[in-house]
Amino acid sequence: ASYRAPVPEQSVRIRYVAHASFLIQTSGGLSTVTDFTGYLGNADFIPDVVTMNHAHSTHWTAFPDPEIPHVLPGWGETFGEGIEHHLDLGEMLVRNVSTDIRSSFGSEVEPKGNSIFVFEVAGLCIGHLGHLHHEPSDDQYAALGRVDVVMAAVDGGLTLDLVTMMQVMRRLKASVVLPMHWFGDGTLGAFLRGMEAEFDVVVSEDSEVTLSLATLPARPTIMVLQPAYLREEEE
């Protein structure tokens with residue numbers, strides 16, 4: 001299906017664009033891109049909302065298109081102060097939970113420098129863990145609340161080690177896990193093998209999935225989507 005196609009009522013369409021960027025689309029026509037880098041492909045497409053994290057340049061841009069109505073950085077203007085978002089667009093609510101990040105060289109920690117963004121839409125809570133560098137605290141888990149769908153980095157080191165990320169997945173107990181931030185079959189395969197006793201594993205040939213509260217899988221499922229930039233010919 002094209003990213004231009006309508007989304008069914010009471011549903012949300014999620015497309016894996018690249019690295020940590022997902023396009024989330026609603027039946028009412030709202031669109032959000034996570035960890036926006038400024039590039040989505042060769043399509044002339046302006047999302048309504050973009051979220052960003054600044055652990056690395058592959059998760060944000062200093063020059064988002066000024067036509068984007070809502071640009072939400074995951075960090076504050078002052079080092080360590082964090083930021084709070086609560087953007088109510090009617091059909092979608094976007095909020096965040098701040099977490100700490102390491103510096104690029106690992107020698108310094110920026111408190112509240114990353115954000116887990118949560119998108120509440122179509123009765124679902126969709127969480128994007130961003131460039132998570134530590135297991136959330138009890139207070140952070142509580143602030144996240146119930147998460148039905150989660151995008152989780154499974155690189156195994158640049159973000160969280162796989163053992164800790166698997167612990168996070170078991171505690172969140174999301175119905176659908178969408179792996180991201182993987183660089184090949186190595187760490188992705190290790191993550192899938194480590195979770196297959198508790199989660200079903202579906203490796204899709206597609207880049208997107210349409211979900212609704214009524215059609216969530218009965219057993220927690222890890223769904224591997226194939227990254228694909230937006231192309232004009234999809235119109």
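Tyr16 stands opposite Phe22 in S2. This is a predicted model. The strands behind that pairing are S1 (residues 12–18) and S2, joined by 6 bridges and running antiparallel. They form a hairpin with 2 residues between them. His19 sits in the turn and has a positive phi of about 55 degrees.

Ser21, Leu23 and Gln25 point one way from the strand. Phe22, Ile24 and Thr26 point the other way. Both sets are buried.

S2 also pairs with strand S3 (residues 31–33), through 3 bridges and again antiparallel. Here Gln25 stands opposite Ser31. This second hairpin has 4 residues between its strands, and Gly29 takes a positive phi near 100 degrees.

**Aromatic rings**

Together with Trp182 they make a cluster linked by ring pairs. A pair of aromatic rings is described by the distance of the centres and the angle of the planes.

How many aromatic pairs does the count come to? The count is 5. One of them joins Trp60 and Trp75: the ring centres are 5.4 Å apart and the planes meet at 80 degrees, so the pair is edge-to-face. Trp60 lies in the loop between strand S4 (49–52) and strand S5 (70–73), while Trp75 lies in the loop between S5 and strand S6 (86–88). The pair therefore ties together parts that are 15 residues apart in sequence. Trp60 is partly exposed, at 28% relative accessible area. Trp75 is buried, at 14%.

**The open sheet**

An open sheet of 8 strands runs in the order S6-S7-S8-S9-S10-S11-S14-S12, with mixed pairing. S6 and S12 stand at the edges with a single partner strand each, so one side of each has no neighbour in the sheet. From one strand to the next, the twist averages 20 degrees.

Asp88 has Leu93 in S7 as its bridge partner. Helix H2 packs on the sheet and touches strand S10 (149–153) and S11. The direction of H2 makes about 175 degrees with that of S10.

Lys112 is one, with about 55 degrees. It is found in strand S8 (residues 109–121). Lys112 is partly exposed, with a relative accessible area of 41%. Ala122 is another, with phi near 55 degrees. Ala122 is found in the loop between S8 and strand S9 (124–128).

| Residue | Phi |
|---|---|
| His19 | about 55 degrees |
| Gly29 | near 100 degrees |
| Lys112 | about 55 degrees |
| Ala122 | near 55 degrees |

**Helix H3 and its cover**

Which residues of helix H3 (residues 185–195) are buried? They are Leu188, Gly189, Phe191, Leu192 and Met195. Seen down the axis of H3, they fall within an arc of 160 degrees, so they line one face of the helix. The face turned away from the buried side carries the exposed residues Gly186 and Arg193.

What covers the buried residues of H3? The cover includes helix H2 (162–172), strand S11 (176–180), strand S12 (200–203) and strand S14 (221–224). H3 lies across S11, S12 and S14 and runs at about 160 degrees to S14.

Is Met166 buried or exposed? Met166 counts as buried, at 11% relative accessibility. Leaving aside residues up to four places away in sequence, Met166 touches Phe191, Gly194 and Met195. Phe191 and Met195 are among the buried residues of H3. Val12 is 154 residues from Met166 along the chain, and their C-alpha atoms are separated by 25 Å.

Conventions:
Residues numbered from 1 in each chain as written. Predicted model: local features only at pLDDT ≥ 70, side-chain atom pairs only at ≥ 80, totals over all residues. Heavy atoms only, no water. Buried < 20%, exposed > 50% of the residue type's maximum accessible area, 1.4 Å probe, protein only. Arc of directions from axis to C-beta. Contact = heavy atoms within 4.5 Å. Phe/Tyr/Trp six-rings, centres within 6.5 Å; stacked < 30°, edge-to-face > 60°. Pairing = 2+ DSSP bridges. Axes fitted to C-alpha atoms, helices over the stretch in contact; angles between N-to-C directions.
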